[in-house]
Amino acid sequence: MSSAAALTKKMETALLNQMRNEFRVSQFYLSASHFFLNRHFHGISQHLRKEYNSELNHAFEISDYMTKRESDLTTAVLDVQTEIFTDAKLHPKKEVLAWKKPLDVFTFIYNAEVQNQNDINELMTLSQTEQDHATYQFLLEFMKQQIECTHESEDLLAKVRAYSGFEGLLWHLDKML
């Protein structure tokens with residue numbers, strides 16, 4: 001590293017990719033919130049809207065951290081968000097259109113959270129390889145939060161699976177959330 005504070009190019013690129021992932025997952029949560037709002041499950045919709053905001057905050061935390069580490073994100077943030085909506089591989093519309101029932105949505109959310117956990121784990125490994133101890137410490141908190149998010153989405157998926165046999169039971173989950 002040329003400066004004690006600067007990120008390596010490899011680490012900067014990896015963190016930008018994770019920021020993109022956080023923005024992308026936030027869009028899934030927002031779509032899921034509307035999926036349930038359109039079906040009058042207001043409690044589930046509000047819960048998913050909170051998760052949307054949480055994912056956005058993760059992206060902002062990454063960008064704030066990168067700025068502290070001397071990364072200039074003036075145009076990179078625009079590029080990241082533009083890619084989400086223009087790159088067919090990143091665009092959530094195809095996956096969202098496949099949602100037909102609540103179980104589809106919660107299965108998708110769980111898989112997205114597991115993938116996000118794997119991505120953060122890879123980032124942590126990269127930070128160790130790059131001998132970037134500050135980034136490793138920064139990512140520890142993300143991993144703790146991600147483990148909780150993955151566990152929560154797994155619990156919700158299990159409940160939705162159990163309730164799927166009796167459609168009226170989903171109203172119970174809606175009131176719980």
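**Note on the predicted model**

1. The secondary structure of the chain comprises seven helices and zero strands, where helices (H or I, at least four residues) and strands (E, at least two) are DSSP runs numbered from the N terminus. Along the sequence the pattern reads α-α-α-α-α-α-α.

2. The model is predicted: local features need pLDDT of at least 70, side-chain atom pairs count only at pLDDT 80 or more, and totals for chains, interfaces and linings use all residues. Residues are numbered from 1 along each chain as its sequence is written, and side-chain values use heavy atoms, with hydrogens and water left out.

3. The average pLDDT (the predictor's confidence in each residue, from 0 to 100) is 88 for the chain, and 88% of the residues score at least 70. Confidence is lowest in helix α3 (residues 76-86), with a mean of 67, and highest in helix α5 (residues 102-129), at 96.

4. Of the 177 residues in the chain, 45% are buried. Buried denotes under 20% relative accessible area, exposed over 50%, and partly exposed in between (1.4 Å probe, protein chains only).

5. Q117 belongs to helix α5. Q117 is classed as partly exposed because its relative accessible area is 22%. The C-alpha atoms of Q117 and I147 are separated by 7.0 Å, although these residues are 30 residues apart along the chain.

6. Helix α6 (residues 133-164) contains D155. D155 counts as partly exposed because its relative accessibility is 37%.
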